[in-house]
Amino acid sequence: MPTTTWNRHHILTLADFTTAEYNAVLQTAASFQEVLSRRTKKVPTLQGQVVANLFFEPSTRTRSSFEIAAKRLSADTLNFAAATSSMTKGETILDTAKTYLAMGTDIMVIRHKDAGVPQAIAQEMDRLGVKVSVLNAGDGQHEHPSQGLLDLFTICSLIDPAQPRIELLQGKKIAIVGDILHSRVARSNIWSLIASGAEVHLAAPPTLLPKFFAEYLGVTDPKNLKSQRLFTHWQLEPALENADFVMTLRLQKERMTAHLLPSLREYHQLFGITRAKLKLCSPKVKVLHPGPVNRGVEISSDLMDDPEFSLIQSQVTSGVAVRMALLYFIGSGRVN
């Protein structure tokens with residue numbers, strides 16, 4: 001593993017990640033990927049520490065991935081389920097977090113349907129003066145840092161498995177297609193991909209891609225987003241043309257408060273990713289999706305299962321190594 005100092009106590013957003021931090025995560029994840037390929041997959045890095053997975057909304061991939069990652073680092077894990085917790089009796093989110101603090105939790109992995117909850121818990125931990133780290137596992141329509149990092153790792157590892165680094169994406173064209181408006185994954189990926197020097201093209205119907213999308217990212221000065229490398233399209237074809245990678249996003253119907261689409265069938269016809277539409281892309285194009293996938297809506301079922309094009313299973317595998325790296329950094333503070 002590379003030697004570097006890690007100064008970030010919490011991981012809440014990728015908006016202010018530095019190139020050094022990105023590369024530290026990528027290279028450390030590559031080391032853990034190698035560990036996960038061994039017969040003995042555990043390392044004692046976080047032995048004696050407690051990782052609490054506080055998921056206030058449903059999740060399969062992210063929750064399981066963090067739990068496996070913590071166990072591979074030899075940490076003890078606590079899993080929270082809102083439906084069977086004291087929150088049904090009126091307990092607040094902060095009181096729940098303090099309960100886990102009192103049990104000796106060292107790292108809290110937070111997922112919530114509302115934006116800002118992980119930040120609020122992190123601020124409370126800081127106010128209390130305790131050394132508990134908070135990792136944002138997805139909050140509302142804000143961000144999903146670990147998903148953005150595992151997507152970045154999946155792509156960079158494909159290009160250079162031995163030394164994944166963000167500089168590999170300099171000048172690459174990456175299309176992000178789908179429900180941009182409601183997607184925390186899109187926001188985290190935009191930050192990481194722009195930091196890498198990639199050219200990012202967003203494509204969605206007008207109802208799912210606001211004209212002034214920078215405002216939805218909380219960017220008051222578009223120059224801070226380096227917007228010359230961020231392009232928006234209300235048609236799919238310009239985004240796909242010569243694209244090296246295509247990230248398609250799930251239609252988040254549970255977050256839609258209005259009828260934003262005529263029908264799923266029409267959406268698939270216009271924005272669904274199929275073999276025929278990939279002919280517009282680079283000959284070696286690869287497709288990603290954060291999951292869960294609505295087969296036949298965001299992507300055709302046959303394309304999703306085709307290893308020649310699809311990196312979807314690789315994303316799931318990458319998730320464990322990347323989340324091990326993140327827990328490792330905030331749990332130890334230094335890579336040895």
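User: How many aromatic pairs does the count come to here?

Analyst: The count comes to eight aromatic pairs, where rings of Phe, Tyr and Trp (its six-membered ring) pair if their centres lie within 6.5 Å; planes under 30 degrees apart count as stacked, over 60 as edge-to-face and the rest as tilted. Keep in mind that this is a predicted model: local features need pLDDT of at least 70 and side-chain atom pairs pLDDT 80 or more, while totals for chains, interfaces and linings use all residues. Residues are numbered from 1 along each chain as its sequence is written, and side-chain values use heavy atoms, with hydrogens and water left out.

User: What makes Phe-32 and Tyr-328 an aromatic pair, and of which kind?

Analyst: Their centres are 5.3 Å apart and their planes are at 80°. The limits are 6.5 Å for pairing and over 60 degrees for edge-to-face, and edge-to-face is what this pair is called. Phe-32 sits in helix H1 (residues 19-36) and Tyr-328 in helix H12, so the pair ties together parts 296 residues apart in sequence. Helices here are DSSP runs (H or I, at least four residues), strands are runs of E (at least two), and both are numbered from the N terminus.

User: Why are Tyr-267 and Phe-271 called stacked?

Analyst: Their ring centres are 5.8 Å apart and the planes are at 25°, so the pair is stacked. Both residues belong to helix H9 (residues 264-271), four residues apart, which is about one turn of the helix.

User: Why is Asn-242 called exposed?

Analyst: Asn-242 has a relative accessible area of 53%, and the cut-off for exposed is over 50%, so exposed is the word for Asn-242. Asn-242 also has a positive phi of about 60° although it is not a glycine. You'll find Asn-242 in the loop between helix H8 (237-240) and strand E9 (245-248).

User: What makes a set of residues a nonpolar core, and how many residues does the largest one have?

Analyst: A nonpolar core is a set of buried Ala, Val, Leu, Ile, Met, Phe, Trp, Tyr and Cys residues joined through side-chain atoms within 4.5 Å. The largest has 90 residues, and Leu-327 is one of those with the most contacts inside it. Helix H12 (residues 312-332) gives the largest share of this core, eleven residues. Apart from it lies another core of 15 residues, including Leu-12 and Phe-80.

Conventions:
Buried means under 20% relative accessible area, exposed over 50%, partly exposed in between (1.4 Å probe, protein chains only).
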